[in-house]
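Here is a short briefing to read alongside the model. Please take a look at the sequence and the fold before going on.

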Amino acid sequence: MPLFKVENLTYYYPETEKAALRNLNLEIEEGEFILVAGGSGSGKSSLARVLAGLIPDFYGGKVGGKVLFNDKDIRTIDRRKLAREVGLVFQDPEKQIVQTYVEAEIAFGLENLGLCPEEMLRRIAEVISFMNLAPISEAFTANLSGGQKQKLALASVLAMQPRVLVLDEPTSQLDPVSAEEILNLAKRLNEEMGFTVIMIEQRLERCFQLADRVLLMEKGEIAYDGRAQEIARDVVIRDMPFVPPVARFFAGLDLPSVPITVKEGRKFLGPYFKEKYSTGEIQCDLGCKNLQTANLTEQKSVVSLQKLWFAYPGGQEVLKDVNLDIKEGEFVVILGENGAGKSTMLKHITGMLKPGRGRVQVLGKDVSRNGFKEIRRFTAYLSQNPNDYLFQDTVEDELLFTLKNFDIKDVSVIDEILERFHLADCRKTNPRELSSGERQRVALASVLVTRPKLIILDEPTRGVDFLLKAELGEILQKETERGSTVIVVTHDVEFAAEFAVRVVMMFLGRIVSDGEKHNVLGKSVFYSPQIGKMCRGFCEGVLTLAEAKDKIFPLIHGKTSTSHRARMRA
Amino acid sequence: MFDKLFYQEKGFFLQSFHPAAVLVYLCVFLVLSLLYENPLYLLALLFLLAFLIRGVDGMEAWEGFLKAGVFLMLMVMIINPLVIRSGATIIWHGPAVPYLGKLNISMEAMYYGAASGIRLLVLISIFCLYNQMINPDRVLKLFSRVAGKSVLMIALSTRMFPTMVRDLKRIKEVQQFRGVDFDEGSLWEKARKYSCLYNVLLLSSLEGSMEIAESMQARAFGSGKRSVYSRNMLRPRDIICTGGSFLALSAAIWGLRYGCGLYTFYPEADFLIKDSTTLIALSVVLFYLSMPLILNEGWNYCRFLKSKI
């Protein structure tokens, strides 16, 4: 008997005419690890809410079909009982912590279940030990880092000892290290404790291989349901992006089983490159890639940081002797862990902070002395949260707001920008009613409407799916083609590899690596995209899928077809 | 700087008391500071508070509290002699001023102002000690059984406040980069600019509140009667502290019945120490009130006492 059985489920959110879930059929066995992938608005989160009993209990709306949990209609199960069986962790840790200190937060769910103090104490102690939260058990929750908050949210649900753990993009707001920790915990809970885990994720390169089964959702339906290796090929054939780069690379080959991890990929590629690698025959041509940066040296400097030092009052030094020169038309990505000083450096570039020592020149102005007012007319700044920009009644008004503030009379640019950002249809729509991807585009449009020379983005890919990320990258690339300079601060190595020209890596307040992306990411073991990790040692400098296909496919394609045919004959 | 004014877990012995014991102790302090009129008694309370604040490493915070307190004390000392005419020892005959009449500054009025100022400092110091000695969440939790929803609401607000401050700062930066000058324009224009700022915050908070409610529902909030988790433990130190507080209060009331702690300022100021009973009553009260300090010393220097409390 399956743990969950979903039969012909269709669901409409209140006051909507489009079904969020359409005629869904699904069975989930106890102990499975299921990965749910898909684009924004494909129904992933709605499915999670259905399985946790929040739809329609919390949201209302119209429901058709049945959801059975342990052969019982989920709607007939007492809410308290269901909460003991199914735990749900949401994507934004900031929006799921209600108590002021860590221990109280873990106790919150237990108090709601009405457990006795002895039982609560035991469970809290267990969870704190398992999740290694003892050092912060007395901490004020508002002071925790994003990763700690998400761990706490998970601990709070785990303390309720559910059989099923539904994780709705639990890593989307986290840096790679914290994300890895959450994913490893999920895997441990599944393998060592026997939890049934249903995980919705966008960072497929980190968790595709963890799952027993992958569900790929599209327009409220399950488009694919199967083992990761099985669905990779079908998905690639249909040109859908929801497969991690390594699996995507091999799915194009005629192989009996598609390698989906770096380890499997390297194992497969090893024999083809062993001979050529040992003789040094394989060398990727980085010369052409350096050409763009070589040309840029003649361009004028847009951002210049000279011997920049900064320490917050009463704190440690955050920036230490930072020197950086960014030329006109460059697409620069700044990478680094939390606390590396990326955001502080960004605040200096935008003139929001004054340096302790050193000089900051942006667009020829001394920002370190005069602040942001001198440069803001020609600088666009997009913060981590697009919602910070949205408060007008319509999308058009958002753009007009910026133009009015800068006293720009020519409003014809609005039509052009709306067209370029595919927002013309939502011109008169309230921006808060738009999807997350559209909101981000409106926020970006509202700052690009002044035709800035410098565009600065802080973590723009957080919580963004493959398609939207690609869309954003292309928009930014087009801006550089128009002569603007783009600076992106991110943790997203895949984004950097795909779209940046130059990569700057920071560590503990210092720039530790700076150069053309192939030189920086290609040399790094840890800060390398999945394809880069797979090709390291075989074909140095290859970072993206397109590059890998270009360099490696011709070498192995013929051989794989021949060997596969031979295997089939055998 | 402001962080220092609020509770920080420093692992001191004086921070390890049960919140109920600390509340009782501080309430007794509060009552005594209001009942006592004798400046000597008030000064003794102030000194005791200073030792306790030092015991929780709160001198820096106390300094902050005292800055405001001393200013108020000086104001009281200045204003009181100007409006009070009851003193017999006139030290300055001033001119007549409208509304106040002839300004005759008496020593007793100044003295009363100073004593009131000390009382004010004692009250401020009690709140400072409260902030340094006890985690406000633990105090809040004490009332969970009787007012669970109100306590949760306060906890949620406390938890959200720093986040909202951070959000507000970020949104302000975003608006400044979109050309908004918050420090320019008339008062009306500034108000309009700030209203836009708070509008963004309000819209985002409303959206956020739905997500928080959803997370609470997913964790069975509102599914039935809640139980209360308390991590507070009652130890011998709490019983000694509470016992000491009640004994101090009883001794003080007994002393007040015989005039110990009372004081007459007008028309002529009384003696600070009328007789030995004044000092004996004060010593008894101070001894009982010093229980946390004595235990603190025992915790630090006496292994036997440490193992017993």
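How far apart do the C-alpha centres of domain 1 of chain A and domain 2 of chain A lie? The answer is 33 Å for these two C-alpha centres. Do keep in mind as you read that this is a predicted model.

**Domains of chain A**

- Chain A is split into domain 1, covering 4–243, and domain 2, covering 291–530.
- Where these two domains touch, domain 1 of chain A supplies 15 residues and domain 2 of chain A supplies 14 residues.
- On the side of domain 1 of chain A that touches domain 2 of chain A, you will find 8 polar residues, 4 nonpolar and 3 charged.

**Where chain A meets chain B**

- The contact between the chains draws 54 residues from chain A and 42 residues from chain B.
- Several helices of chain A give two or more residues to the side that touches chain B, among them helix 2 (79–85), helix 4 (117–130) and helix 5 (146–158).
- Helix 14 (395–405) and helix 16 (436–448) of chain A also give two or more residues to this side.
- Which element gives the most to the side of chain A that touches chain B? That is helix 3 of chain A, with 8 residues.
- By residue class, the side of chain A that touches chain B divides into 29 nonpolar, 14 polar and 11 charged residues.

**Domains of chain B**

- In chain B, domain 1 is made of two stretches, 2–136 and 232–308, while domain 2 covers 146–218.
- The C-alpha centres of domain 1 of chain B and domain 2 of chain B lie 39 Å apart.

**Fold and overall form of chain B**

- Chain B holds 11 helices and 2 strands.
- Read from the N terminus, the elements of chain B follow the order α-α-α-β-β-α-α-α-α-α-α-α-α.
- Chain B is more spread out than a compact globule, because its radius of gyration is 26 Å, well over the 19 Å that the globule rule gives for 309 residues.
- The C-alpha trace of chain B spans about 70 × 65 × 35 Å along its principal axes.
- Of the 309 residues in chain B, 34% are buried.
- Taking contacts in chain B between residues at least 6 apart in sequence, 75% join residues at least 24 apart.

Methods:
Residues are numbered from 1 along each chain as its sequence is written. Chains are lettered from A and ligands numbered from 1 in the order in which they are written. This is a predicted model: local features need pLDDT of at least 70, side-chain atom pairs count only at pLDDT 80 or more; totals for chains, interfaces and linings use all residues. Domain bounds come from an automatic or database domain assignment. Two residues are in contact if their C-beta atoms, placed from the backbone, lie within 7 Å. Ala, Val, Leu, Ile, Met, Phe, Trp, Tyr, Cys and Pro count as nonpolar, Asp, Glu, Lys and Arg as charged, and the others, Gly among them, as polar. Helices (H or I, at least four residues) and strands (E, at least two) are DSSP runs, numbered from the N terminus. The radius of gyration is taken over C-alpha atoms; the globule rule is 2.2 Å times the number of residues to the power 0.38. A residue is buried if 20 or more other C-beta atoms lie within 10 Å of its own, exposed if 12 or fewer, and partly exposed in between; C-beta atoms are placed from the backbone.
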